[in-house]
Amino acid sequence: MSSEFINNQIDQIINDKNYPYPLNLAMASTWLIGNLKGVNLKVLDVAKQSSLADYFVMGSATNSISARAMADEVISQMKRAGHQIVSREGMSSTADWILLDIGDIIIHIFLDSSRNAYDLDSLWASAKSIDIPQEYYSSEQEEEKPSGPDGRGFF
């Protein structure tokens, strides 16, 4: 994915009238995590249950390098869009949970193997879950089929 493509997608989501502030930031962050191969994505409306934030974004990564890349891209895109990162925790290479506080939204990126241990999903089970469009998830490109008269890629 090119930087230009990512920037355009994030700008479209942030400016989408279907997502008022701060839901637009939560959805943009979700798109980033999903397109960097994050799994088990959730956006929770916690405004009525917490004074910490209006939305929690949760996603899992298969390894710490992927988790850090997701967090770095979210930070970069939020700054580019003019939003301040209030706090970031767990950015070390040994962390299994990264937390990004962007004021009205808090982003949680877990290592897939550790998510159940923290069990935020159960802790915030009473929060309203926001639907995430399927296109927010990374999709594998269809493998090219061999060409040629014999179907094996030969002349």
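Reply: Strand β2 is mostly covered, with seven of its seven residues buried. In this predicted model, the cover extends to both faces of the strand. In a regular strand, side chains alternate between the two faces of the sheet. On one side of β2 are Tyr-55, Val-57, Gly-59 and Ala-61, and on the other are Phe-56, Met-58 and Ser-60; each of these is buried.

β2 has pairing partners in β1 and β5. With β1 the pairing is antiparallel and runs over five bridges. Here Val-57 of β2 stands opposite Val-43. With β5 the pairing is parallel, over seven bridges. In that pair, Met-58 has His-108 of β5 as its bridge partner.

His-108 deserves a separate description. This residue belongs to strand β5, which covers residues 105-111. Is His-108 buried or exposed? Its relative accessible area is 4%, under the 20% limit, so His-108 counts as buried. Leaving out residues up to four places away in sequence, His-108 touches Phe-56, Val-57, Met-58 and Gly-59, along with Trp-97, Ile-98, Leu-99 and Leu-120. With Trp-97 there is also a polar contact between the two side chains, at 3.2 Å.

The next topic is the nonpolar packing. In soluble globular proteins, nonpolar side chains tend to be buried together. The largest nonpolar core here has 36 residues, and Val-43 and Ile-107 are the members that touch the most others. Two or more residues of this core come from each of α1 (3-14), α2 (23-35), β1 (39-45), β2 (55-61), α3 (64-80), β4 (97-101) and β5. The largest share is that of α2, which gives eight residues. Apart from neighbours within four places in sequence, Ile-107 is in contact with Ser-29, Ile-33, Val-57 and Val-74, and also with Ile-98, Leu-99, Leu-100 and Ile-102.

An α-helix has 3.6 residues a turn, so residues three or four places apart point the same way. The length of α3 can be checked as well: at 1.5 Å a residue, its 17 residues should span 24 Å, and the end C-alpha atoms are 24 Å apart, which agrees. At the start of the helix, a side-chain oxygen of Asn-63 comes to within 3.1 Å of the backbone nitrogen of Ile-65. Just after the helix, Gly-82 has a positive phi of about 90 degrees.

The peptide bond from Tyr-21 to Pro-22 is cis, with omega near 0 degrees. Pro-22 is in the loop that joins α1 and α2. In the loop between α2 and β1 is Lys-37. Although Lys-37 is not a glycine, its phi is positive, at about 70 degrees. The relative accessible area of Lys-37 is 51%, so this residue counts as exposed. Asn-40 is not a glycine either, and has a positive phi of about 55 degrees.

Finally, the chain as a whole. There are five helices and six strands, which follow one another from the N terminus in the order α-α-β-β-α-β-β-β-α-α-β. Of the 155 residues in the protein chain, 41% are buried. The accessible surface comes to about 9000 Å², and carbon and sulfur atoms hold 47% of that area. Among contacts with a separation of 6 or more, 57% join residues 24 or more positions apart. The parallel pairing of β2 with β5 and the contact between Ile-107 and Ser-29 are two places to look when tracing how parts of the chain come together.

Note on methods: Residues numbered from 1 in each chain as written. Predicted model: local features only at pLDDT ≥ 70, side-chain atom pairs only at ≥ 80, totals over all residues. Heavy atoms only, no water. Helix = DSSP H or I, 4+ residues; strand = E, 2+ residues; numbered from the N terminus. Buried < 20%, exposed > 50% of the residue type's maximum accessible area, 1.4 Å probe, protein only. Polar contact = N/O pair within 3.5 Å; in protein donor to acceptor, adjacent residues only side chain to side chain. Contact = heavy atoms within 4.5 Å. Areas by Shrake-Rupley, 256 points an atom, 1.4 Å probe, with all protein chains shown as cover. Core = buried A, V, L, I, M, F, W, Y, C linked by side-chain atoms within 4.5 Å. Pairing = 2+ DSSP bridges. Expected span 1.5 Å × (residues − 1).
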